[in-house]
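Open the model in your viewer and keep the selection panel at hand. The tour moves from one stop to the next.

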Number of protein chains: 2
Amino acid sequence: MQDIIIRRAVREDCPRLLELVRELAEYEKAPNEVTVTLDHFMESGFGEKPVWWAFVATVPSPGQPDDRLIAGFALYYVRYSTWKGQTMYLEDILVTEHMRGKGIGQQLFDRLREEAREKGFRRITWQVLDWNEPAINFYRRQGALMDPEWLNATIDI
Amino acid sequence: MQDIIIRRAVREDCPRLLELVRELAEYEKAPNEVTVTLDHFMESGFGEKPVWWAFVATVPSPGQPDDRLIAGFALYYVRYSTWKGQTMYLEDILVTEHMRGKGIGQQLFDRLREEAREKGFRRITWQVLDWNEPAINFYRRQGALMDPEWLNATIDI
């Protein structure tokens, strides 16, 4: 697959992005956890005060090579750390199932790294499920350190 | 200890807050991880575009009861989740060592919950080290769910 284009997400991508967020939640065995609405999602990314940014990977549509389909995405926000200052928090990265193994994830990750450098973030952090071996192997290849010592804590209000 | 006052942190609290951040990092066995400068810390909390908010717990100074000392703090930022929308991320909560066991942590946590309700966050999330039993017990009493399934991943740029 040579013809992969990585570009910044735009407002019109939101419905497809939310589909991919749901695909990822299903893969992570938490399909019912996605309760955010499309309106809220769009507003948070492209309203007056954006709180997330994303890149999409597009490939030619099989039947209509002039049309391009979104095959994957990476979405991040800026996280404040009292240890490191502003860091890039990679909220989601996903390549849709039938498009895996073509290097799309690698291109998305390279783009994230470039963005982090440009914006002056000193660190990229994210989380991965301990049973998600394909992802863990991919992140190892990127040089990531993975630390099992922290537990996630949650209270719903 | 009856005389605990919880109030919003102000700019002048920053040097003391950073001391407490360092005390927490030491407790968490990562004293060298705190590389943020006081200027950057202050600017991030009280500059044009604040990215964190905090509450402090003050108690009377032993020798000078009219003076008040900061005995603990809780610092949060707003985190975007593609599942839940805006949530409160509790970056740090700490009561300085010799002031523990007096209910200060509970008052700080109650204040956070109130803040989350007022700001319309549906969820508070944070992380705790798996060997930090006193903290884990405290969070259990708050009704928190703790999930060991996620690994923290990091790349330094």
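How many salt bridges are there between chain B and chain A? The count is 6. Keep in mind throughout that this is a predicted model.

**Stop 1: the charged pairs**

Select R79(B) and E91(A). Their side chains form a salt bridge, with N and O 3.5 Å apart. Now select R79(A) and E91(B). Here too there is a salt bridge, and the closest N and O atoms are 3.5 Å apart. This pair crosses between chains: R79(A) lies in strand 3 (residues 68-81) of chain A, and E91(B) lies in strand 4 of chain B. Side chains of opposite charge can pair when their charged atoms come close. Over all chains, the structure holds 22 salt bridges.

**Stop 2: the whole interface**

Colour the two chains separately and select the contact residues. Chain B gives 58 residues to the contact, and chain A gives 58 residues. Between them the chains bury about 5700 Å², of which 55% is on carbon and sulfur atoms. Which residues of chain B lose the most area to chain A? Select Y80(B), W83(B) and W150(B): together they account for 16% of what that side buries.

Next, show the polar contacts. Across the interface of chain B and chain A, 36 residue pairs are in polar contact, both residues being at pLDDT 80 or more. Several elements of chain B each supply at least two residues of the side that touches chain A. Among them are helix 1 (14-27), helix 2 (38-46), helix 3 (104-119) and strand 5 (123-129). Colour that side by class: 31 residues are nonpolar, 13 polar and 14 charged.

**Stop 3: strands across the chains**

Switch to cartoon view. Select strand 7 (residues 150-156) of chain A together with strand 5 of chain B. They pair in the antiparallel sense over 7 bridges.

**Stop 4: the symmetry**

Superpose the chains. Chain B can be laid on chain A by a turn of 180 degrees and a shift of 0.0 Å along the axis, with an RMSD of 0.0 Å. The two copies are therefore related as by a two-fold rotation axis. The same surface serves both copies, as 100% of the contact residues of chain B recur in chain A.

**Stop 5: M42(B)**

Finish inside chain B. Where does M42(B) sit? M42(B) is in helix 2 of chain B. Beyond its neighbours within four places in sequence, M42(B) is in contact with R11(B), C14(B), P15(B) and G47(B). M42(B) and S61(B) are 19 residues apart in sequence and 25 Å apart in space.

Technical notes
Residues numbered from 1 in each chain as written. Chains lettered and ligands numbered in written order. Predicted model: local features only at pLDDT ≥ 70, side-chain atom pairs only at ≥ 80, totals over all residues. Heavy atoms only, no water. Contact = heavy atoms within 4.5 Å. Buried area = accessible area lost by both parts, 1.4 Å probe. Salt bridge = Lys/Arg side-chain N within 4 Å of Asp/Glu carboxyl O. Polar contact = N/O pair within 3.5 Å; in protein donor to acceptor, adjacent residues only side chain to side chain. Helix = DSSP H or I, 4+ residues; strand = E, 2+ residues; numbered from the N terminus. Nonpolar A, V, L, I, M, F, W, Y, C, P; charged D, E, K, R; others polar. Pairing = 2+ DSSP bridges. Least-squares fit on C-alpha atoms with pLDDT ≥ 70 in both.
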